[in-house]
Amino acid sequence: MTQRVSGKVVTPAGVIRQGCVEWEGERITAVAEYPSVHDGHWILPGFVDMHTHGGGGHSFTTGDPEQARQAAAFHLRHGTTTLLASLVSSPFELMRSATAAFRPLVSEGVLAGIHFEGPYLSAARCGAQNPEYLRDPSTDELAELIELAGTALRMVTLAPERDGALEAVKLLTAHRVVAAVGHTDATYDETRSAIAAGASVGTHLFNGMRPVHHREPGPVTALLDAPNVVCELVADGVHLHDGMLTFAASVAGPERSALITDAMAAAGMADGEYELGGQAVTVADGVA
């Protein structure tokens, strides 16, 4: 049986102001102009979130598959149909167990893949990451995770100034895993070296990074300037000033700007005390 919803339809070619989407079962069968009905809806493709740690009181960071399933369901209810399960800096044993636990969820389509944000990050720019677990990149660890994950490991965020980082970037990209630059105190030149080695994402640009200076541009400028780097942006009105968000998006353009939630278990929940990678997080007035 064909079903239909009409309104403003967002497509790759632009917005159909008076359009409709028709579907049968779980398949879209038509997207077209439909000028006779005005339902007033905005109809969009499912959102893709390449950086999220949880939501709805559930977390990806513990490596628990049922928690992961519930967190993914929370985001699905809010329109995100494709997401990576992002973990934070943790012992290698947890990285390994989480990989084994989440791989079946990737095969099932609940998750699009696994993202390790850390532990190969800068102590000076660790932000909400647990400094106890930070360490230099290990190609031995990464090789084991890649083998264990199959195709489920999709992205690893690291700081390019740490010893062994460039070797790690090369290993990851050789196995079709995205190497991302983030939580870094790297110089402009160190960041450019990581990009040259294959890094292709800037993890939540500006946040957890050496700030821009006119004599030392730092990682932000290097990432914005690289034509092959996608720049993550947290557009929540807290992580970035609207003016800085506008500037970064205008430089990177729509092709290289990725809006992310960077959500944690507290997303969608009341103010209170929460946990992220062994760190206590207080949410007050909706701000963590």
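V201 stands opposite V230 in strand β13. The model is predicted: local features require pLDDT of at least 70 and side-chain atom pairs count only at pLDDT 80 or more, whereas totals for chains, interfaces and linings use all residues. Residues are numbered from 1 along each chain as its sequence is written, and side-chain values use heavy atoms, with hydrogens and water left out.

Strand β12 (residues 201-202) pairs with β13 in the parallel sense over two bridges; strands pair if DSSP finds at least two bridges between them. Helices (H or I, at least four residues) and strands (E, at least two) are DSSP runs, numbered from the N terminus. Between β12 and β13 the chain passes through helix α6 (residues 218-225), in a right-handed β-α-β crossover. Right-handed means that, with the strands pointing away from the viewer, the path from the first strand over the helix to the second runs clockwise.

On to strand β14 (residues 257-260), β13 is joined by four bridges, and the two run parallel. Here C231 stands opposite S257. Helix α7 (residues 242-256) carries the chain from β13 to β14, again in a right-handed β-α-β crossover. Because four of the five residues of β13 (residues 230-234) are buried, this strand is largely enclosed by the rest of the structure.

R103 belongs to helix α2 (residues 92-108). Its relative accessible area is 38%, so R103 is partly exposed (buried is under 20%, exposed over 50%, partly exposed in between; 1.4 Å probe, protein chains only).

Beyond its neighbours within four places in sequence, R103 is in contact with E147, L148, A149, G150 and A152 (heavy atoms within 4.5 Å). The R103 side chain reaches the backbone oxygen of L148 at 2.9 Å.

Definitions and conventions
Polar contact = N/O pair within 3.5 Å; in protein donor to acceptor, adjacent residues only side chain to side chain.
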